[in-house]
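Trainee: Hi! Could you walk me through this structure with me? I'd like to start with the aromatic side chains.

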Amino acid sequence: MRHHRHCMIVAVVLPFLLGGSVSPSESDQLHTHAGDRLSLDNTTHEAEDEDGGLHEHHSQEAVTSMTATHAHMGPHFRWTTLRRANPADQQRAAEIVTALRNTLEPYRNYRKAIEDGYEPFLPNVKQTHYHFTNKWRGLKSAFRFDAKQPTSLIYKKTVDGYELEGAMYTAPKRADENSLNKRIPLSVAQWHAHVNVCLPPKRDGQTADWKKFGPNGTILTETECNAMDGRWMPQLFGWMIHVYPFRDSSEQIWMH
């Protein structure tokens, strides 16, 4: 299992990723993979029907708990199975990296990224890595994969702006491993998903203990979640994969 020294839960406005359990107003509180306005499930209308409960000024505590540096080895992560390496997959992965490098070159200037519709998520909240997400490209990724159109760009903050590090692709949470393999070969890289997550009761959204609830919470089972009157999510977001195409080796490029 490869390690990922950060996890920002992106992809594009939470309710569209969750399949019907979290309202649009709650997205400010819960998601850090910027802009999760992805239609990654066919049940977005259910999410939109939910009433609100969490407010923007409470988002920082949730983001802090979800973007803390850690290895992706905990009980809230599911990984695709690493398949046997083969030349065809390596060639296909190399082509993806080449296409991504060419696409990302203009976005070394983060202002260009913003001009092209990549919006920084919570730029005023201290994070290890910042996701700039393009909602339209995220939406399209629910239906097809285009190496030249990542859902999010990954930056680190500098004294005078942001330095480009890589990108993130997303896929619907309904996707199985074979369909994920068609996007990016599973012998080269592993997609991850956030699983077994207990969301707090709506009425407690503003005062919830995010050390217990959420994608980094200590609540690990549906039984525990029910006992806390929480909302159990077998899988919180769609599938995600980070790519760092400017690194030197294949292992570093696809490292999580």
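Trainee: Is Phe 145 buried, partly exposed or exposed, and why?

Mentor: Phe 145 counts as partly exposed because its relative accessibility is 24%; buried means under 20% relative accessible area, exposed over 50%, and partly exposed in between, with a 1.4 Å probe and protein chains only. This is a predicted model, where local features need pLDDT of at least 70, side-chain atom pairs count only at pLDDT 80 or more, and totals for chains, interfaces and linings use all residues. Residues are numbered from 1 along each chain as its sequence is written, and side-chain values use heavy atoms, with hydrogens and water left out.

Trainee: Good to know. How many aromatic pairs does the structure hold?

Mentor: Seven aromatic pairs. Rings of Phe, Tyr and Trp (its six-membered ring) pair if their centres lie within 6.5 Å; planes under 30 degrees apart count as stacked, over 60 as edge-to-face and the rest as tilted. One of them is Phe 132 with Tyr 162, edge-to-face at 5.0 Å centre to centre and 80° between the planes. That pair links distant parts of the chain, with Phe 132 in strand β3 and Tyr 162 in strand β5 (residues 161-171), 30 residues apart. Helices (H or I, at least four residues) and strands (E, at least two) are DSSP runs, numbered from the N terminus.

Trainee: Are Phe 132 and Tyr 162 buried or exposed?

Mentor: Both Phe 132 and Tyr 162 are buried. Phe 145 and Tyr 169 also form an edge-to-face pair, 4.9 Å centre to centre with 65° between the planes. Here Phe 145 sits in the loop between α7 (135-141) and β4, and Tyr 169 in strand β5, 24 residues apart. Tyr 169 is buried, with a relative accessible area of 2%.

Trainee: Which residues do ring pairs link into a cluster?

Mentor: Tyr 110, Tyr 130, Phe 132, Tyr 155 and Tyr 162.

Trainee: Back to β3, then. Which way do its side chains point?

Mentor: In strand β3 (residues 130-133), Tyr 130 and Phe 132 point one way and His 131 and Thr 133 the other, and all are buried. β3 pairs with strand β4 (residues 152-158) in the antiparallel sense over four bridges; two strands pair if DSSP finds at least two bridges between them. Leu 153 in β4 is the bridge partner of Phe 132.

Trainee: And what does Ile 114 touch?

Mentor: Not counting residues up to four places away in sequence, Ile 114 touches Pro 120 and Phe 132, where contact means heavy atoms within 4.5 Å. The C-alpha atoms of Ile 114 and Phe 132 are 7.9 Å apart, and the two are 18 residues apart in sequence.

Trainee: Switching to charges: how many salt bridges are there?

Mentor: The structure holds five salt bridges, each a side-chain nitrogen of Lys or Arg within 4 Å of a carboxyl oxygen of Asp or Glu. One of them joins Arg 203 and Asp 229 at 2.6 Å, N to O. Arg 203 is exposed, with a relative accessible area of 62%, while Asp 229 is partly exposed at 40%.

Trainee: What about Arg 183, buried or exposed?

Mentor: Arg 183 is buried yet has no salt bridge, and the nearest side chain of opposite charge, Asp 176, is 9.1 Å away. For charge, Lys and Arg count as positive and Asp and Glu as negative, with His and the chain ends not counted. Arg 183 lies in helix α8 (residues 177-183).
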